[in-house]
Amino acid sequence: MGRKVGIRNLICITGLLLTFIFWGAFIHGLGAGNRSKMEGKIYLVPVGNIESWVLEALKKGIGETFSSKVEIYEKMKFPQRAFNAERNQYFCPHIMNGLQDFIDPGKKDKVLGIVVEDLYIHGLNFVFGQAELGGHFALISLARLHQSFYGLAENKIIFLERTKKEAVHELGHTFGLEHCPDPECVMHFSNSLMDTDRKSASFCARCEELLIKRIKTTD
Ligand code: ZN
Ligand code: ZN
């Protein structure tokens, strides 16, 4: 659709802070668990090759959380120009822009891109994801959600739980939710995977209420 990500709309850059916080970017949380009805659709866009069991599990989890229709959209070609050979990582804003060029959602729809590659932005050594605050687009990286990334035995249950939290958190931002002080809330800011594992996959009462309000005003 040609619209580029407005820098001030980009929020929720998740990851370890290296030197400074960029754009007031918020580090990331995950989670979900709400019963609001959403009229629009949530599109899951695999950016590159994403295993179907991951997409199917996400579709189910997100659909339950937002009480929404979720559709797995066609695969987007991974934008290789995002690759930074020095870092052996991919520049997140290039992928967000690619996503915005790839799909033109309806007024009430949300789009979640999913990548397996490890992402970064300037000033952070990595990001788990990114989202437009109160917009349509969000993106998550699965790279650091695997136990195997940390040299541990892979565990699908843990991986899927993290993936769902991450997805719900980023989608929460697209509904205008900001980070929440409640450490158990899915919208709580996480600085590391440990924070993510500590928090729940659900919205606290306050975030739930805000979400319902947002969904009503956009429907
Ligand atoms: Zn966030
Ligand atoms: Zn909350």
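Let's start inside a helix: Gly61 lies in α1, which covers residues 52-66. Helices here are DSSP runs of H or I with at least four residues, strands are runs of E with at least two, and both are numbered from the N terminus. Gly61 counts as buried because 21 other C-beta atoms sit within 10 Å. The cut-offs are as follows: buried takes 20 or more other C-beta atoms within 10 Å of the residue's own, exposed takes 12 or fewer, and partly exposed is in between, with C-beta atoms placed from the backbone.

A word on what you're looking at. This is a predicted model, where local features need pLDDT of at least 70 and side-chain atom pairs count only at pLDDT 80 or more, while totals for chains, interfaces and linings use all residues. Residues are numbered from 1 along each chain as its sequence is written, and chains are lettered from A and ligands numbered from 1 in the order in which they are written.

Now the overview. The protein has five helices and nine strands, and from the N terminus the order is β-β-α-β-β-β-α-β-β-β-β-α-α-α. Of its 219 residues, 45% are buried. Among contacts with a separation of 6 or more, 71% join residues 24 or more positions apart; a contact means C-beta atoms, placed from the backbone, within 7 Å.

| Strands | Sense | Bridges | A bridge pair |
|---|---|---|---|
| β2 (residues 41-46) and β6 | parallel | five bridges | Val45 and Gly113 |
| β6 and β9 (residues 137-141) | parallel | five bridges | Val111 and Phe137 |

The β5 and β7 pairing belongs to an open, mixed sheet of three strands, ordered β4-β5-β7. Its edge strands, β4 (83-84) and β7 (119-120), each pair on one side only. Across β5 and β7 lies helix α2 (residues 92-102), running at about 55° to β5. That angle is taken between N-to-C directions on a scale from 0 to 180 degrees, using axes fitted to C-alpha atoms, for helices over the stretch in contact.

Helix α3 (residues 156-174) has 19 residues and spans 27 Å from first C-alpha to last, close to the 27 Å expected. The expected span is 1.5 Å times one less than the number of residues. Just after α3, Gly176 has a positive phi of about 90°.

Which residues have a positive phi although they are not glycine? Ser67 does, at about 45°, and so does Asn88, at about 55°. Most residues other than glycine have a negative phi. Ser67 sits in the loop between α1 and β3 (69-72), and Asn88 in the loop between β4 and β5. Are they buried or exposed? Ser67 is exposed, with 12 other C-beta atoms within 10 Å, and Asn88 counts as exposed because it has 10 C-beta neighbours inside 10 Å.

How values were computed:
Two residues are in contact if their C-beta atoms, placed from the backbone, lie within 7 Å. Two strands pair if DSSP finds at least two bridges between them.
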